[in-house]
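Please find below a short note on the fold and the side-chain packing.

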Amino acid sequence: MEEAQTWHYGLIARYWAEFNDDFRPHEIPYFQRRIEVGGGPALDVGCGTGRLLLPYLRAGLDVDGCDVSADMVTLCREKAEREGLTPRLWVQPMHELSPPRRYKTVYVCGAFGLGSTRAQDRASLRLFYGALERDGTLFVDIEVPYADEPVWRYWPQKERAGLPEHARPPSRRQRASDGTEYALSARIVDLDPLEQRLTYEMQAERWRDDELVEQERRTLNINLYFKNELELLLERAGFEDVVVEGDHNGAPATPEDAFITFAATRRG
Ligand SMILES: C[S@@+](CC[C@H](N)C(=O)[O-])C[C@H]1O[C@@H](n2cnc3c(N)ncnc32)[C@H](O)[C@@H]1O
């Protein structure tokens, strides 16, 4: 199978571990509540460096994690171990998911459709179903394709002619705990509206005392999904009672929501 094309390696993985614990903080209680209500054990698919997983372990929840990026998983494990936590973590693309046990709750936050083909995404949904216990629930979120204005404006052919965007050197540097500074700059390289596929490129830099010490360029492919399409795919994968909520707020989704979450239950 094709390798996942995601940018969560090397410098970008270290940037995530260092700076992203406070990113979109309302997502953390949202999924936590769903694990508490639905029950454990839970699986965090695309767990990254543990932005959600680590608070849940601290809260005493039984949560495993997996991710395609060995760099993200290593950083997640290191963070956990610094707190005396020993989560079960493994490296695996979600379309090859083969967990060591079944779960009452499987959740995927900010990771579905990343670095994969659409056929792989359909395979992932079937594997999430297989990973659940009977009456267990999958929670998967997406950013809707029209939410990000700089991307949405490239859907018409005339605007797309302006792609790829020019590469801009990263401007803002952020100081890490070791005193070095990280800087990132992303650009849109391609948007295929027929395939609903977006390609970004990230330039990442690390500076020490005003000297550039590391530099990387990485690509991220994202499959874009609309609400009705993903609902149908969940149903095709065998899920029932599919509910679509707004931006990690527990309310029914509205056209104003940039992110939406699907709750889908395995009944069989
Ligand atoms: C935006 S980060 C989100 C990480 C974490 N879920 C969070 O919310 O902090 C996306 C994560 O998905 C992982 N990922 C991307 N494509 C994947 C795939 N096809 N299978 C499994 N993990 C994937 C990346 O390595 C990265 O850790």
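1. Basis. This is a predicted model, in which local features need pLDDT of at least 70, side-chain atom pairs count only at pLDDT 80 or more, and totals for chains, interfaces and linings use all residues. Residues are numbered from 1 along each chain as its sequence is written, and side-chain values use heavy atoms, with hydrogens and water left out.

2. Overall fold. The protein has eight helices and 11 strands (DSSP runs numbered from the N terminus: H or I of at least four residues for helices, E of at least two for strands). Its radius of gyration is 19 Å, close to the 18 Å that the globule rule gives for 268 residues, so the protein is as compact as a globular protein of that length. That radius is taken over C-alpha atoms, and the rule is 2.2 Å times the number of residues to the power 0.38. The C-alpha trace spans about 55 × 50 × 35 Å along its principal axes.

3. Of the 268 residues, 53% are buried (under 20% relative accessible area, with a 1.4 Å probe and protein chains only; over 50% is exposed and in between is partly exposed). Among contacts (heavy atoms within 4.5 Å) between residues at least 6 apart in sequence, 67% join residues at least 24 apart.

4. Aromatic pairs. A search of the whole structure gives 14 aromatic pairs (ring centres of Phe, Tyr or Trp, the last by its six-membered ring, within 6.5 Å; planes under 30 degrees apart are stacked, over 60 edge-to-face, the rest tilted). Tyr56 and Tyr107 have ring centres 5.8 Å apart and planes at 70°, so they form an edge-to-face pair. This pair links helix 3 (residues 53-58), which holds Tyr56, to strand 4 (residues 103-108), which holds Tyr107, across 51 residues. Both Tyr56 and Tyr107 are buried. Ring pairs also join Tyr30, Phe31, Tyr56 and Tyr107 into a cluster.

5. Charge over rings. The charged end of Arg153 sits over the ring of Tyr154, 4.5 Å from its centre (CZ of Arg or NZ of Lys within 6 Å of the ring centre and within 35 degrees of the ring normal). Arg173 lies over the face of Trp207, 3.8 Å from the ring centre.

6. Cores. The largest nonpolar core has 31 residues, of which Phe112, Phe128, Leu138 and Phe239 touch the most other members. Such a core is a set of buried Ala, Val, Leu, Ile, Met, Phe, Trp, Tyr and Cys residues joined through side-chain atoms within 4.5 Å. Another core, of 22 residues, lies apart from the largest one and includes Phe31, Ile35, Ala42 and Leu61.

7. Phe139. This residue is in strand 5 and is buried, with a relative accessible area of 8%. Phe139 and Phe31 are 108 residues apart in sequence and 8.0 Å apart in space, C-alpha to C-alpha. Beyond neighbours within four places in sequence, the contacts of Phe139 include Phe31, Arg34, Tyr107 and Phe262.

8. His8. Which side chain does His8 join by a polar contact? The partner is Thr6, at 2.6 Å (a pair of N or O atoms within 3.5 Å; within protein, one must be able to donate a hydrogen and the other to accept it, and residues adjacent in sequence count only if both atoms are side-chain atoms). His8 lies in the segment before helix 1 (10-19) and is buried, with a relative accessible area of 12%.
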